[in-house]
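This report describes the secondary structure, the strand pairing and the ligand surroundings of the entry shown below.

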Amino acid sequence: MTTRPVHEYLPVADWRRTVRALLRHLGRHRGRLALVIVAMTASGAFGLVTPRLLGSIVDLVAHGGDVSDVVARGGVMVAAAIGCAACAGVGIAAAATVFEAVLAELREDMIDTVLRLPVARVEAAGTGDVLSRATDDVDKVSEAIGKALPSMLMAQAGVVVTVIGLAAIDWRFLLVAVATAPLYAVTARMYIRRAPAVYAAERTAAADRAHHVLGPIQGVSTVRAFDLGGPLSVRIDGHSWAVVRRSMRATVLQARLTGRLNLGEFIGMTVILLVGFVLVGDGSVTVGATTAAMLFFLALFDPIGQVMYVLDDLQSGAAALGRIVGVLDMPRAGDSSDDVETDDGTGLVARGVDFGYTPEHPILHDVSVSVGPGEHVALVGMSGAGKSTLATVLAGIHPAGSGTVTLGGVAIQDIPGTDRARRIALLTQEVHVFSGSLREDLQLAAPDASDERLWAALKKAGAHDRVRHLKQGLDTVVGENGEQVDAMVAQQLALARIDLLDPDVVIVDEATADAGSVGAGVLEESADAILAGRSALIIAHRLSQAAAADRIVHLSRGRVVEEGPHADLVASGGRYSEIWAAWTKGREEA
Ligand SMILES: Nc1ncnc2c1ncn2[C@@H]1O[C@H](COP(=O)(O)OP(=O)(O)OP(=O)(O)O)[C@@H](O)[C@H]1O
């Protein structure tokens, strides 16, 4: 029996692995990243020129200097301001290209990994978990990368050069700046701790209100019929006020953040002025230098404030990145081994297979079946006997709890996932027409197939005429944003894809049941044409399919109870012969 837990979320990477993954991705854009750092640092350095020159102008004026010197300094300040803006522009643009490229890589890797995850693992995690990582989490990282990270980098560069500038004027001014740092650390901690919950509550309340507003709009006729307008608007009122309360909390939190930042600014400025007063008094620095130090100190607040406001974005971006990296680091189906050569001589063989979706409910017991080269084997049994379950175990979607499943003598779990999917094709009722042109849909199975090959596959699957009558033929766009194809054509396209894929074995799980009785007949012909000469395991609900097969395996309550060619089973007078007799009688009466 398999002992896989019923629900098992996909892993989340710890911060070390997350940082490593981020650095790995950033490392691929080293050159551009260096440009970002140089441009942002240069922008910060240019930013220091204006306060420094303002200080020197103060000294010039105090000592009765020349007006032309003041004008010259003004010119340098203008040039520095232009340099500062230009470098910031280059830095931000380069950062955007690096971060967008990293984000695109993460998104692609994420989708690629999710598509290659073993289906059983995705089922255990739940599609919601997978979907939210591929969408919401990627969005959160995108927000953090797009908005927060450039501000953070810009701020860091600004702080570093300003601190150097302060130290260059006098180390005691630097000491004041360092002494105010703990206040910012405490403020940042307060904000990081509270902000995510406060903003999340605000978003939840807004979503709740939207839900309660949309419900009555969608069901407006019911609202009118039962005169529910009054009570419903009271309810909407309540939810609207809840949003107001949550928004107020968020505003109060922001006000507290701003208040503490201003307090830090006030204390720092006061101390700088006092220190400056003493230093000017003992002749260590000039009034102009103190002015410059004060302006440097003031210039620190913009970047610090910016960082504070994006801290929660960064925090939730980092959490989302951890969830993405957790998936990226997972072993993909078939990653464990190289392309495994199989010997087609022995076909698909299951020996003594046990399986259950949960440990408490075994479904398959000691099942042994085989599909030899070119052989058609029909699987029959009552509803719930375990036929579809056996199909997924044979296709390698669910690993057998005990026993073995081999293809060409090699355990299917040892065949790389993508290779396995090409060798064992599982055709179920849930066929999907992918958005795009018909050609693209078909070429998913054989990317290099020529139009002639595609038409030949369509002909075999019986869809040739339908497609020929479409105005744009193979270029017709199908799927969500294009031509809607009916269930029968969708099945025929799936059959054509099987022909193009040319797998070693096809497992057909009731692919023809959905199309209505006339359609079912057509599809049965299509399936026969595609399966001719191929190894196939056909889950047969219509016993005509079973009668046409080379061999029948009868499954009952997860066990093989009869096996053999149709004629032998009918002659043996066993359970299958009774079902066959009842079925043929029913057909005669109908
Ligand atoms: N994903 C699943 N998780 C848990 N139990 C499942 C799952 N799929 C099927 N089962 C259970 O496994 C048992 C066998 O179901 P299965 O679909 O394999 O039978 P079947 O013979 O193919 O039936 P049918 O002919 O109605 O499709 C049933 O009891 C079913 O409820």
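Two strands are said to pair if DSSP finds at least two bridges between them. Helices (H or I, at least four residues) and strands (E, at least two) are DSSP runs, numbered from the N terminus. The model is predicted, and local features need pLDDT of at least 70, side-chain atom pairs count only at pLDDT 80 or more, and totals for chains, interfaces and linings use all residues. Residues are numbered from 1 along each chain as its sequence is written.

**Strand pairing**

Strand 1 (residues 348–358) takes part in two antiparallel pairings, one with strand 2 over seven bridges and one with strand 4 (residues 402–407) over five bridges. Strands 1 and 2 form a hairpin with two residues between them. A further antiparallel pairing joins strand 11 (residues 551–556) to strand 12 over five bridges. The table gives one bridge for each of these pairings.

| Strands | Bridges | Residue and its partner |
|---|---|---|
| Strand 1 and strand 4 | five bridges | Asp354 with Ser402 |
| Strand 11 and strand 12 | five bridges | Ser556 with Arg559 |

**Surroundings of the ligand**

Residues count as near a molecule or strand if the C-beta atom, placed from the backbone, lies within 6 Å of it. Around the ligand these residues are Tyr357, Ile363, Gly381, Ser383, Gly384, Ala385, Gly386, Lys387, Ser388 and Thr389. The shell divides into three nonpolar, six polar and one charged residue, where Ala, Val, Leu, Ile, Met, Phe, Trp, Tyr, Cys and Pro count as nonpolar, Asp, Glu, Lys and Arg as charged, and the others, Gly among them, as polar. Helix 10 (residues 387–394) supplies the largest share of the shell, three residues.

Ile363 lies in strand 2 (residues 361–371). Burial is judged by the other C-beta atoms, placed from the backbone, within 10 Å of a residue's own: 20 or more make it buried, 12 or fewer exposed, and a count in between partly exposed. Ile363 counts as buried because it has 23 C-beta neighbours inside 10 Å. Its C-alpha atom is separated by 5.4 Å from that of Gly558, 195 residues apart along the chain.

**Helices and positive phi values**

The expected span of a helix is 1.5 Å times one less than its number of residues. For the 42 residues of helix 9 (residues 287–328) this should give 62 Å, and the 58 Å between the end C-alpha atoms agrees. Helix 9 bends by about 45° at Val310, the bend being the angle between axes fitted to the seven residues ending there and the seven starting there.

Helix 15 (residues 487–501) is largely enclosed by the rest of the structure, because 13 of its 15 residues are buried. Asp502 follows helix 15 and lies in the loop between that helix and strand 9 (505–509). Most residues other than glycine have a negative phi. Phi of Asp502, however, is positive, near 55°. Arg557, in the loop between strand 11 and strand 12, likewise has a positive phi, of about 45°. With 14 C-beta neighbours inside 10 Å, Asp502 counts as partly exposed; Arg557, with 13, also counts as partly exposed.
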